[in-house]
Amino acid sequence: MTRTRRAGASALTVCLALSLAGCGGGRGYTVPEEACGVPLNEKALEPFLIDGEKLEVSGGSVIRTGTDTRGACWIRVDGKQVVHFQVDKVDKIYDPMAPLEEFRFTNRAAMKDLPFDGLGALGDSTAMISTACSGPQASHLIAYVSVDGKAGGDLAERRRNVEALALDFVPEVKKALGCAE
């Protein structure tokens with residue numbers, strides 16, 4: 001092959017690769033400022049937001065009024081669940097490190113130094129935080145945050161990202177429920 005043909009073939013290959021990259025991948029959706037009944041922090045969600053065309057929020061609000069004690073919400077990209085939030089209004093603090101809660105986690109560890117009163121546990125793709133509320137709608141709550149087990153970086157990074165998302169989510173839930181601190 002001559003030098004000119006090789007250069008032309010290389011240029012064609014690069015152009016083809018760049019045009020294919022432009023056709024797929026990336027995000028064709030915007031992240032709403034609020035979903036699941038609370039403001040969303042795009043920076044905390046970022047590690048779990050995969051490339052796709054459509055972001056959907058289903059399940060309604062995690063903030064329930066009256067006698068409803070459980071709210072759940074799912075965030076999906078192109079039909080794939082990337083984040084699940086659940087909030088239960090309860091009558092006391094439940095320890096996420098209790099033996100009965102072990103089934104929720106892979107590689108469970110206690111969360112230390114929460115920025116609010118409560119107990120937390122963190123797994124490879126799940127966080128559970130139990131905290132006081134002392135508000136008009138709940139005396140205590142449990143917040144669960146679960147993510148796709150393959151998103152959010154390597155295992156150590158994913159665990160840090162799940163914890164950051166949970167620690168961002170819980171104060172927003174407490175504020176929406178009118179909890180006193």
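Figure 1. K175 is exposed, because its relative accessibility is 61% and the cut-off for exposed is over 50%. The structure shown here and in the other views is a predicted model. The side chain of K175 meets that of E172 in a salt bridge, with an N to O distance of 3.9 Å. Both residues belong to helix α3, where they are 3 residues apart and therefore separated by about one helical turn. E172 has a relative accessible area of 18% and so counts as buried, the limit for buried being under 20%. The count for the structure comes to 7 salt bridges; two others, R159 with D124 and R70 with D88, are shown in the next views.

**Figure 2. Salt bridge between R159 and D124.** The closest N and O atoms of R159 and D124 are 2.8 Å apart. This pair links distant parts of the chain: R159 lies in helix α3, and D124 lies in the loop between β7 (119–122) and β8, 35 residues apart. R159 is buried, at 17% relative accessibility. D124 is also buried, with a relative accessible area of 12%.

Figure 3. R70 in strand β4 and D88 in strand β5 are 18 residues apart, and the pair links distant parts of the chain. R70 forms a salt bridge with D88, in which the closest N and O atoms are 2.9 Å apart. The relative accessible area of D88 is 6%, so this residue counts as buried.

**Figure 4. The aromatic pair F85 and F169.** The structure holds 1 aromatic pair. The ring centres of F85 and F169 are 4.2 Å apart and the ring planes lie at 15°, so the pair is stacked; the angle limit for that class is under 30 degrees. F85 is in strand β5 (residues 80–90) and F169 is in helix α3, 84 residues apart, and the pair links distant parts of the chain. Both phenylalanines, F85 and F169, are buried.

**Figure 5. Disulfide between C36 and C73.** A search of the whole structure finds 2 disulfides, and one of them joins C36 to C73 with an S to S distance of 1.9 Å. The link connects distant parts of the chain: C36 sits in the loop between β1 (34–35) and β2 (38–39), and C73 sits in strand β4 (residues 70–77), 37 residues apart. The angle about the S-S bond is -60°, and the link of C36 and C73 is left-handed. C36 counts as buried because its relative accessibility is 4%. C73 is buried at 0% relative accessibility.

**Figure 6. Disulfide between C133 and C179.** The sulfur atoms of C133 and C179 are 1.9 Å apart and form a disulfide. C133 is placed in the loop between β8 (126–132) and β9 (140–147), and C179 in the segment after α3 (155–177); the pair links distant parts of the chain, 46 residues apart. With -85° about the S-S bond, the link of C133 and C179 is left-handed. C133 is buried at 0% relative accessibility, and C179 is buried at 14%. With bonded cysteines counted along the chain, the disulfides follow the pattern 1-2, 3-4.

Methods. Residues are numbered from 1 along each chain as its sequence is written. This is a predicted model: local features need pLDDT of at least 70, side-chain atom pairs count only at pLDDT 80 or more; totals for chains, interfaces and linings use all residues. Side-chain values use heavy atoms; hydrogens and water are left out. A disulfide is a pair of cysteine sulfur atoms within 2.5 Å. Helices (H or I, at least four residues) and strands (E, at least two) are DSSP runs, numbered from the N terminus. Buried means under 20% relative accessible area, exposed over 50%, partly exposed in between (1.4 Å probe, protein chains only). Rings of Phe, Tyr and Trp (its six-membered ring) pair if their centres lie within 6.5 Å; planes under 30 degrees apart count as stacked, over 60 as edge-to-face and the rest as tilted. A salt bridge is a side-chain nitrogen of Lys or Arg within 4 Å of a carboxyl oxygen of Asp or Glu.
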